[in-house]
Structures are given as structure tokens and as C-alpha cells.
Protein chains: 2
Amino acid sequence: MQPGSQHTVKAFDQDLNELRALISQMGGLAEHSIRESMRCLVQRDREGALKVVEDDKKLDALEAEAERRIVQLIALRAPMADDLREAVAALKIVGVVERIGDYAKNIAKRVPQLDGASSIEPISLLPEMARITAEMVHDVLDAFIERDGDKARAVCERDQAVDDFYNSIFRALLTFMMEDPQSITQSAHLLFVAKNLERIGDHATNVAEMVYFAATGDRMGERQKGLDPSDPQ
Amino acid sequence: MQPGSQHTVKAFDQDLNELRALISQMGGLAEHSIRESMRCLVQRDREGALKVVEDDKKLDALEAEAERRIVQLIALRAPMADDLREAVAALKIVGVVERIGDYAKNIAKRVPQLDGASSIEPISLLPEMARITAEMVHDVLDAFIERDGDKARAVCERDQAVDDFYNSIFRALLTFMMEDPQSITQSAHLLFVAKNLERIGDHATNVAEMVYFAATGDRMGERQKGLDPSDPQ
């Protein structure tokens, strides 16, 4: 059952490298969707937002393709221990990247509901928050490709900034709602946009923890994974 | 590489049955967390809510155990085609059930922030919405264990009711916020509670689609998977 021969081992690495390239491509699409959904939100670009929603299908198709290849890789190469764990980790990362794309799509879907919301001041913090999360997605995929534990750790460290942004925006939107009840519907949509970005940060962090573990064999500190932080009171 | 012998095939089925029992146990915990988090929310039971948050660690531990077993199953039994796909599907379902537990935990974490919110009327719809989603989680795990395509389809059909509840609660909470700006903070937390339940319904539906496909070999209609429906305007 052990593949043994160097030929088989090389074939596995070759397959895995192709898979990594595919996952990197998925990450690029997800990152683009985050940036683009936020641009559409700020500029009230309904058509652009529709395109982000439409483009998410590409990410779904790539996820299916990546899954198919991982299953094939396992079936054909019968990888042992570490290699098998790496294939399973790839399967999980693929799922997370698809989910990040879903969050970006959900932001884009709120664009039509924000017409006339140009006066909502807290919206000015959202693009910076989106920029940080898009970078986290970019960097964690780089760390995955390069098996770079330090880079993965650096991604985790940025999640605190995302959480801080989220808390500031949450408070600012609630204050805004109280001061201007007419803004309540639009502010509620922006609350969900902020929450989507906060979740993207969490998911990038989860991937970073997987990459760190794969690269170093150690777990990264005691931070709870994927915590949805309590919103401020 | 083909396992071939009946002995090996039986061993695979035996392993898979044990795995199914473990996943069913996870589903039971997730279902309990949904019901319990909602009870704590309605009764403002802070201690009970802390316990729901604490108990989520059990679900995380079971997820890790299930993953370990699936990887071991693949490594030891080297399953072919359909069996391998079933093992990979189990891996995905395990991840979704863990995520459902996270949503319930997030509901529980909002309990301390709702003290004094007894007058928020839309909250009366939430327990019924929670009841439906907990049932969906229960039934889709049953369908998985029994490989029952019809039961899986019935779970999907109930997701529309969950979405309808979500839309009603979203509108009711926004109206409430406009009429009583003092309720805005608490209402915002309840918006997220409703969204968490809506997402649980989506995840149960996604699992149902996987179970249906595994049981029948057919894809279930054209419904988009895992759609986070646009919130009403």
C-alpha cells in the first residue's frame, strides 16, 4: 500500500503543486471580490455589485474542481501520514476560501439597498477594514504556497486590528441610528457588512493557523480559533 | 491498492458506521445548543448561556476526533471511488456541524447584552425560528445516518420558512428601532441572532443537499446552495 517509489512521491508533489496553484487562484478571486464589493458599496455601483455576485460562481466552480482533484490525488497516490494530512488540510482551506468569497458576495448584495446612504459617516471606516481583510486573505494564501510559518503568524496578528475596526464601526453605526432614525435600515445593512468583513478576518486567521501548524508542527498559542467576538454593549 | 477482499470492505463499513454515530452525536450537541441558547436568550439566563459557550468546546473536540478518524479511515482502508467520496463528504459534514455549533454559541454570547430587553416584541418570533432550525439539524443528521434522500429533501423545503421568519424579524426589529431608539442596541444584537439562525438553516440545507446526492446520485433542483438571501429593503 505504501507508494514507496520515488516516482510516486514526485508525482504526489507535482499534483500537490498544481493544487496549490489552483487554491492560490481561488484566493486571488476571493481577495478581488472583497476589494471590488467594497468599491461598489462606496461608489453605489449596482452593476459592479451584480458582477461580484455573478463572479462568485467561478469560485464555486474552482472549489468543486479543487475538491475533485484532491479526492483524485488521494485515490491515485494513496498518500501516507503527513501527505494525507496535507491533502486534507488543502480540502479544508479550499472550503474556507469559498466561504470568504460568499462573504464578499453578501456585501455586494447589499449595495442596491444603500442608495442614498452617502451621509452615513461610519461607512468611511469600512473600506480600510476591507483593505486589511483582503490583504490578510492575500498573505495567508502566499504563506500557504510558500509554507511560511512566520507569514502565517503575521496574518493572525492583524486580526486584532480587524476586530477593533468592527467594534468601532458597530458603536458608530448604533450611535448614528439613534441620532438619525431615518438611517436605521441602511445602517442595519452596514452592520452586516462590517460583520461579514470581521468574519473574513476570522476565516483568514483560521487558515493561517492551519498553515502555521503544517509549516512548523506547532500550534499557534492559545488563541481560540474562529471566535466571533462578542459585540460591544 | 484495491482493497478487494470482503474483509477489508466490511472493515470500511464498520469504520464508517462508527463515524456516522460520532457525527450523529455531534449533530445532537449542535441541536441542543440551538435550543438551549434560545431558551437562555428568552429567559435571560446568563449562566446557562455561559454553559452553551463552554459546551461548544466539546463539539470542537468531537470535530477533531471525527477528522482524525476519517483521515485514518482513508489511510488504512484506501477506499475507492464511491467510498472515498463518502469519506470526504463526511469530512465536510463534520465541518458544517461544528459551524452550526458556532452559530448557537454566538447566540448564547449575546445573552448578557440583552438584559432589560424583555419589551422587544419581535423577540417572540425568534424561539419558533430556532425550533425549526434545530429540527432541520436533527432531521438532516437522521437523513445522513439513514441515507434517506426523501428526508433530506424535506429538510431543504423547510428552509423557506426559516427565510420567511428571518425577513419578518428583520423588518419588525427595524420598525421597533425606529419607534423606540432606546432599544437600538438590543435590537441590533437580535438582528444578529436572527441572522445566525438563518445561517443555521442554510447550513442544514447544504448538508441535506450532500445527503440527497449521496443517497440518490442526483443533484437536488436548481436552488443555489448556501445562499445568504438578500435582506429586505
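Predicted model: local features only at pLDDT ≥ 70, side-chain atom pairs only at ≥ 80, totals over all residues.
Residues are numbered from 1 along each chain as its sequence is written, chains are lettered from A and ligands numbered from 1 in the order in which they are written, and side-chain values use heavy atoms, with hydrogens and water left out.

**View 1. Secondary structure of chain A.** Chain A has six helices and zero strands (DSSP runs, H or I of at least four residues for helices, E of at least two for strands, numbered from the N terminus).

**View 2. Packing of H4(A) and H5(A).** Helix H4 (residues 126–146) and helix H5 (residues 149–179) of chain A pack at about 165 degrees, with axes 9 Å apart (lines fitted to C-alpha atoms over the stretch in contact, angles from 0 to 180 degrees between N-to-C directions). H4(A) and H5(A) are therefore roughly antiparallel (over 145 degrees).

**View 3. Contact residues.** The contact (heavy atoms within 4.5 Å) involves residues of H4(A) including Met129(A), Ile132(A) and Met136(A), and residues of H5(A) including Val155(A), Val162(A) and Phe165(A).

**View 4. The end of H4(A).** H4(A) has 21 residues and spans 30 Å from its first C-alpha to its last, close to the 30 Å expected at 1.5 Å a residue (1.5 Å times one less than the number of residues). Arg147(A), with a positive phi near 50 degrees, follows H4(A).

Note on methods:
Parallel < 35°, antiparallel > 145°, perpendicular 65-115°, else oblique.
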